[in-house]
Amino acid sequence: MDERTLDAYLDRIGATRASTLVELHERHLATVPFENLSIHLGEDISLDEDALVDKVVNRRRGGFCYELNGAFAALLRALGHDVALLSAKVFNDGAYGPPFDHLALCVGDLLVDVGFGRFALRPLDITSREDQHDPIGVFRLVDTPEGDVDVLFDGVPQYRFEQRPRELAEFRATCWYQQTWPGSPFRRGATCSLPTAEGRVTVAGSKLITTKGDEKLVEDLDDDALLAAYAEHFGIVLDRVPQLSR
């Protein structure tokens with residue numbers, strides 16, 4: 001990443017070269033949405049580092065785990081951090097998914113993840129097996145007999161990560177699988193989501209979901225209101241509603 005792109009990335013998330021890892025993590029989560037719109041717009045998703053950074057910085061978009069954590073890893077490395085990519089299996093419907101189901105990051109002794117949707121707002125201590133209190137809840141890391149680590153959020157398994165470092169190219173096959181497999185959760189409907197100071201704002205399908213504390217407001221939107229919601233809440237300007245052709 002060149003110096004100009006680095007500064008543009010920092011500007012995109014409202015950070016500076018002096019920002020701490022915690023600050024970078026919080027700012028990235030607050031400004032770059034978790035979204036799968038490319039799948040529903042028919043856009044190719046490339047796990048080329050330059051393409052990932054371009055999507056976040058110049059196209060002002062977000063992405064899912066491979067894109068968000070892939071781009072964030074490039075930013076952190078440009079700032080001098082030692083970053084390892086971790087393969088994880090997502091816990092869903094009572095079972096763990098395939099290897100490379102999720103991409104997370106290890107930065108020093110910290111688990112860093114800006115690509116899992118509703119997750120820790122701050123990095124987690126990867127060496128601790130005690131409860132770790134985050135603004136959105138309590139996390140705990142638990143060792144498995146095989147040497148992997150389970151991540152629990154308020155007692156519920158989220159994913160299981162391997163501790164060996166991986167390369168971005170190793171995630172390409174599963175990234176393609178997530179985009180194309182008919183049973184993929186990312187093909188069930190378009191979604192775009194960001195944490196807010198009060199809770200979270202999400203567009204899921206044709207619904208705008210706003211949470212503030214324990215309160216949840218769900219609004220059904222027509223196509224024009226849906227496009228306006230993407231622009232207002234996420235800064236994403238689209239010329240059509242994301243929807244898979246059947």
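**Burial, strand pairing and salt bridges in a predicted model**

Serine 38 is buried, its relative accessible area being 2%, where buried means under 20% relative accessible area, exposed over 50% and partly exposed in between (1.4 Å probe, protein chains only). The structure is a predicted model, in which local features need pLDDT of at least 70 and side-chain atom pairs count only at pLDDT 80 or more, while totals for chains, interfaces and linings use all residues. Residues are numbered from 1 along each chain as its sequence is written, and side-chain values use heavy atoms, with hydrogens and water left out.

Serine 38 lies in helix α3 (residues 37–41); helices (H or I, at least four residues) and strands (E, at least two) are DSSP runs, numbered from the N terminus. When neighbours within four places in sequence are left aside, serine 38 is in contact (heavy atoms within 4.5 Å) with Glu43, Ile45, Lys55 and Arg61.

Two of these residues, Glu43 and Arg61, also belong to a network of salt bridges that links Glu35, Glu43, Arg59 and Arg61, a salt bridge being a side-chain nitrogen of Lys or Arg within 4 Å of a carboxyl oxygen of Asp or Glu. Between glutamate 35 and arginine 61 the closest N and O atoms are 2.8 Å apart; this pair links distant parts of the chain, with glutamate 35 in strand β1 and arginine 61 in the loop between α4 (49–57) and α5 (65–78), 26 residues apart. Both glutamate 35 and arginine 61 are buried. Glutamate 43 and arginine 59, by contrast, form a salt bridge at 3.3 Å, N to O, in which glutamate 43 is partly exposed at 26% relative accessibility and arginine 59 is partly exposed at 39%. Across the whole structure, 13 salt bridges are found.

Strand β1 (residues 34–35) is joined to β11 by two bridges, the strands running antiparallel, and two strands are taken to pair if DSSP finds at least two bridges between them. Phenylalanine 34 has serine 193 as its bridge partner in β11. Strand β11 (residues 191–195) is largely enclosed by the rest of the structure, because five of its five residues are buried. On its other pairing, β11 is joined by five bridges to the antiparallel strand β12 (residues 199–204), with three residues between the two strands of this hairpin.

The structure holds zero disulfides, a disulfide being a pair of cysteine sulfur atoms within 2.5 Å. The sulfur of cysteine 106 is too far for a bond because the closest cysteine sulfur, in cysteine 65, is 17 Å away.
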